[in-house]
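Hi,

Here is the structure I promised to pass on to you.

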Amino acid sequence: MKRIYDFSRNPAKRNYTVADLRALKGSGRTLSMANPADNDELRACVEAGIDLFVVGADQMEDVRRIAPHHFTGAGSTWAQFGSDDEIIAHAYETMRNGADMYYTLRSFDVMERMARDGIPVQSHIGLIPTFSHHCGGLRAWGRTAGEAMKIFETLKRMEDAGVFAVEAECIAEEVLAAINDKTTIVTFSLGSGKAGDAIFSFVADICGEASEEETPPKHAYAFGDVGRLHRQIHEERVAALGKFHTEVTARNFPYSQTNIGMHEGEHEKMLEALDKWTPTHR
């Protein structure tokens, strides 16, 4: 555990620092990385020993409460902000809230502005689902030498802009293996082979839950079957609600054991009082 000051100059501790991640190059070590989407998933990732997190910026308060020492990146979606100034302001706010790096798909100019101000910038190479329209749909990248070189050139351009880390998504494994040690940028491999400095996967995919796609992508390997439990919970819920509905419409529920009764003798007194009652105001 390393003692640091965070971006707001508050004393803190982290399991990994920016320097630690950069030192992974050539070390023979690989870290695990996942994207807990809520507090339950966050606690599960902590208990499972996952090394690194990437979350939505709106989760940072919960992250620092539940996982105060985990290296955690956060960021924005492509369309969340309309201007470069807005996204840079958001990056500052996110870092002040406890993030350790900021994810962005914006221009090299924006990445450079952030990096120049000391923000560890994470970007994205290979398949970028947000831009899948431009490449003819969701597909693998780097399966030809020409496209592999374009990936490398983009990576080096990001390096020149000061980018700290990238998500390398659905790149041919030979490509990442060839270029990973030719850049200072930390690589998070998602479906791009074992050569990444960290291996990233979605919590839903790891746990065997429902995918965004009808057919999960090739890299979405399920180590569990939480989806089965979700389906079982849904079926049990429907069955319980159905029994409740049936008993209510049959006038069987509430049952005697679920009802509250008056104290002994009080019911007769109430009925006698009702018989004698007359309105006070006419």
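Cys207 has a relative accessibility of 23% and so counts as partly exposed, a class that lies between buried (under 20% relative accessible area) and exposed (over 50%), worked out with a 1.4 Å probe on protein chains only. Its sulfur sits 7.3 Å from the closest cysteine sulfur, that of Cys45, which is too far for a bond. Taking a disulfide as a pair of cysteine sulfur atoms within 2.5 Å, the count comes to 0.

Before I go on, a word on the source: this is a predicted model, in which local features need pLDDT of at least 70 and side-chain atom pairs count only at pLDDT 80 or more, while totals for chains, interfaces and linings use all residues. Residues are numbered from 1 along each chain as its sequence is written, and side-chain values use heavy atoms, with hydrogens and water left out.

**The chain as a whole**

The protein chain has 10 helices and 10 strands; these are DSSP runs numbered from the N terminus, with helices being H or I of at least four residues and strands being E of at least two. Its radius of gyration is 28 Å, well over the 19 Å that the globule rule gives for 282 residues, so the chain is more spread out than a compact globule. That radius is taken over C-alpha atoms, and the rule is 2.2 Å times the number of residues to the power 0.38. Along the principal axes, the C-alpha atoms fill a box of roughly 95 × 45 × 40 Å.

Of the 282 residues, 39% count as buried. The chain exposes about 17,300 Å², and carbon and sulfur atoms supply 53% of that area. Areas come from the Shrake-Rupley method with a 1.4 Å probe, and for residues only the protein chains shown count as cover.

For contacts (heavy atoms within 4.5 Å), I looked at pairs with a separation of 6 or more: residues 24 or more positions apart account for 47% of them.

On charges, there are 31 positive and 42 negative ones, and their mean positions are 4 Å apart. Lys and Arg count as positive and Asp and Glu as negative, leaving out His and the chain ends; each charge is placed at NZ of Lys, CZ of Arg, CG of Asp or CD of Glu.

**Backbone points to check**

Most residues other than glycine have a negative phi, and most peptide bonds are trans.

Cys170 has a positive phi, near 55°, in a residue other than glycine. Cys170 belongs to the loop between β8 (165-169) and α7 (173-179) and is buried, at 15% relative accessible area.

Arg251 also has a positive phi, of about 60°, although it is not a glycine. Arg251 is in the loop between α9 and α10, and its relative accessible area of 76% makes it exposed.

Phe253 and Pro254 are joined by a cis peptide bond, with omega about 10°. Pro254 is placed in the loop between α9 (226-249) and α10 (266-276) and counts as partly exposed at 49% relative accessibility. From Pro254 to Thr184, 70 residues away in sequence, the C-alpha distance is 68 Å.

**A few more loop residues**

Ala140 is in the loop between β7 (121-126) and α6 (145-161). With 32% relative accessibility, Ala140 is partly exposed. Leaving aside residues up to four places away in sequence, Ala140 touches Glu147 and Cys170, the latter being the buried residue with the positive phi.

Gln59 lies in the loop between β4 (52-56) and α3 (60-66) and is buried, with a relative accessible area of 16%. Not counting residues up to four places away in sequence, Gln59 touches Pro36, Ala37 and Asp38.

Ala210, in the loop between α8 (203-207) and α9, is exposed at 70% relative accessibility. Its C-alpha atom is 9.2 Å from that of His230, which is 20 residues away along the chain.

Happy to talk any of this through with you.

Best wishes
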